[in-house]
Amino acid sequence: MTTLFVSDLHLDPARPAITTLFLDFLRDEAMRADALYVLGDLFEAWVGDDDPSEAGAEVAHGLRAVADAGVPVYFMRGNRDFLVGQAYARRAGMRILPDPAVVSLYGEPVLLMHGDLLCTDDTAYQAFRAQTRDPAWQQRFLDQPLQARLAFATQARQASMARQKEMLAGDRGAFETVTDVNPAAVEATLARFGVATLIHGHTHRPAIHTLQAGGGECRRVVLGDWYEQGSVLRVDAAGMTLDRL
Ligand code: MN
C-alpha cells in the first residue's frame, strides 16, 4: 500500500480542469491509499470557511469520500489557504496538522512542512506571514464581511503578482534565491528535528535532493504544483517516487 502526498494544487474556479483532475485522483488512487497528505495551498485563496464557493464544496465532498472509505486525510495550511479552519476540515473529513509536523512513515520519522518557513531570504514575506498567523489578526479579518475579505484577497494577490514581476524584471538570480528555500535553514531544520527526510511543497520546484545535515545524509523531497498538471509523491515501505499526473 502507498501513502500519497500532494501540495500546491491552487484550486481556483478559473482552472476547472485542475479541480476535475484532483477529484478524479480522489475517486481513484486516493481511495486505495494508506493515507493522503495535502501539504498546503490546496486552494488558490481562502478567506474563511463561510465562503460558499463551489470549488470548496466539491473538494470537501471528494475528500470526505476518501476519509469515509477509511483513508486518513491530513491537511497542512499553506500560505494561500492558511485561513482554512476546523469547520471546513470537519466537512472534508480531514485532520489539520501543524507546520512543521513529524509523522512516522513505514517506521521512519519524516518532517512535513508547507515550505514557506524555509524561504528565509524573503524577509518581506516572513514579516507578512508572522502578521497573518497571529490569532488576533485572523479573528479581526474573519470578523469582516465576506465581500471585504474577498476584496482583500484579490488585492493581496495583485500585490504579490506585481512584486514577482518586479523581482523577475530585476536580477533573475536573486529572484531564484529569494523564492527558493534557504539551504542553511533546511540544514538547521533537519538537524533540529533529528530526521533524515523532509517533505515540503511551496516552491514549485519538484525534485528529490540529497544533502548532508545533522551529521548524516538527508533527503529533501519537494512536491510539484498543479498549475499545468498534477504532481504526486507516492511512498511505500520500499521507497518513494515523485510523479506527474
Ligand atoms: Mn505556497
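Analyst: Before we start, two strands count as paired here if DSSP finds at least two bridges between them. Keep in mind, too, that this is a predicted model.

With that in hand, look at β8 and β9 (residues 216–222): they run antiparallel and are joined by seven bridges. Within that pairing, Ile-208 sits opposite Val-221 of β9.

Now zoom out to the whole sheet. It is open, has five strands and mixed pairing, and reads β5-β6-β7-β9-β8 in order. The edges belong to β5 (101–105) and β8 (207–213); each has a single partner strand, so one side of each is left with no neighbour in the sheet. On average, neighbouring strands are turned by 30 degrees against each other, if you ignore direction. Packed on this sheet is helix α8 (residues 183–193), which touches β5, β6 (108–112), β7 (197–200), β8 and β9. The direction of α8 makes about 70 degrees with that of β8.

What about cysteines? The structure holds zero disulfides. Take Cys-218: its sulfur is 18 Å from the closest cysteine sulfur, the one in Cys-119, and that is too far for a bond. The cut-off for a disulfide is a sulfur pair within 2.5 Å. Cys-218 is buried, at 4% relative accessible area, and Cys-119 is buried as well, at 3%.

Next, the metal. The manganese ion is coordinated by Asp-41 (OD), Asn-79 (OD1), His-114 (NE2) and His-202 (ND1), at 2.1 to 2.3 Å. Along the sequence these donors follow the spacing D-x37-N-x34-H-x87-H. Asp-41 and Asn-79 link distant parts of the chain, being 38 residues apart. Asp-41 lies in the loop between β2 (35–38) and α2 (54–68), while Asn-79 lies in the loop between β3 (73–76) and α3 (86–92). Both of these residues are buried.

One last stop is helix α4 (residues 123–132), whose buried residues are Tyr-125, Gln-126, Arg-129 and Thr-132. Seen down the axis of α4, they fall within an arc of 135 degrees, so they line one face of the helix. As background, an α-helix has 3.6 residues a turn, so residues three or four places apart point the same way. The buried residues of α4 pack against α5 (135–142), whereas Thr-123 and Ala-130, on the other side of α4, are exposed.

Definitions and conventions:
Residues numbered from 1 in each chain as written. Predicted model: local features only at pLDDT ≥ 70, side-chain atom pairs only at ≥ 80, totals over all residues. Heavy atoms only, no water. Helix = DSSP H or I, 4+ residues; strand = E, 2+ residues; numbered from the N terminus. Axes fitted to C-alpha atoms, helices over the stretch in contact; angles between N-to-C directions. Contact = heavy atoms within 4.5 Å. Buried < 20%, exposed > 50% of the residue type's maximum accessible area, 1.4 Å probe, protein only. Arc of directions from axis to C-beta. Donors = N, O, S within 2.8 Å, 3.2 Å for Na, K, Ca; no water.
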